[in-house]
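Hi everyone, thanks for coming. Let's take a look at today's protein together, one piece at a time.

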Amino acid sequence: MLKTILSVSGKPGLFKLISNAKNMVIVESLTDKRRMPIYARDKVVSLGDIAMYTDDDEVPLSEILLTIEEKENWGKASVQSTAKPEELRQYFSEILPTYDRDRVYDSDIKKLINWYNLLVDSGYSFKEEKEKEENQEKAESDEKTEKTEE
């Protein structure tokens, strides 16, 4: 699911990938549902490719969003992205206790909270998406097992 949700540098909000073309992609804004072209010169990042630094390794954004969703009982984040930096860091340390305090900036936490709230407003459920991915992976591994048995 997060592979098709995009962040475009210089444009506020998140976008859903609709179609690919040679030098551009067509996206739809999650906030107002307007469609627009995004060209190859624009910096585009899929949320599925983003991870946050921890003291040991990196944690995919999907796991962090799922943790927030469970903490907030499938509702919006209890802290606003406009909160004081200390409050943001305190909140994020409850979500990801081992996050790297030197490489994860306050602006990253603000952006994460904004993205989470935007996705919740758009009706995304990270738990349902994780279950779909697990079921798909299980089906693929079962299919591979059947082919090797033949």
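Let's begin with the sheet: in what order do its 5 strands come? The order is S4-S3-S2-S1-S5, in an open sheet with antiparallel pairing. Please keep in mind that this is a predicted model. Now look at the edges, where you'll find S4, residues 35–39, and S5, residues 44–46. Each of these has a single partner strand, so one side of each is left without a neighbour in the sheet. On average, and ignoring direction, neighbouring strands are turned by 45° against each other.

Let's zoom in on S4. Strand S3, residues 24–29, pairs with S4 over 5 bridges in the antiparallel sense. Within that pairing, Val 27 sits opposite Met 36 of S4.

Next, the helices. H1 covers residues 61–71 and H2 covers residues 85–95; they pack at about 100°, and their axes are 9 Å apart. That angle makes H1 roughly perpendicular to H2. On the H1 side, the residues that meet H2 are Ile 64, Thr 67, Ile 68 and Lys 71, and their counterparts in H2 are Tyr 91, Phe 92, Glu 94 and Ile 95. Sorted by class, this contact has 5 nonpolar, 1 polar and 2 charged residues.

Finally, the inside. The largest nonpolar core has 33 residues, and among those touching the most other members are Ile 64, Phe 92 and Leu 119. H1, H2 and H3, the helix at 106–121, each supply at least two of its residues. H3 gives the most, with 8. Setting aside neighbours within four places in sequence, Leu 119 contacts residues including Leu 2, Leu 47 and Phe 126.

Technical notes
Residues numbered from 1 in each chain as written. Predicted model: local features only at pLDDT ≥ 70, side-chain atom pairs only at ≥ 80, totals over all residues. Heavy atoms only, no water. Axes fitted to C-alpha atoms, helices over the stretch in contact; angles between N-to-C directions. Helix = DSSP H or I, 4+ residues; strand = E, 2+ residues; numbered from the N terminus. Parallel < 35°, antiparallel > 145°, perpendicular 65-115°, else oblique. Contact = heavy atoms within 4.5 Å. Nonpolar A, V, L, I, M, F, W, Y, C, P; charged D, E, K, R; others polar. Core = buried A, V, L, I, M, F, W, Y, C linked by side-chain atoms within 4.5 Å. Buried < 20%, exposed > 50% of the residue type's maximum accessible area, 1.4 Å probe, protein only. Pairing = 2+ DSSP bridges.
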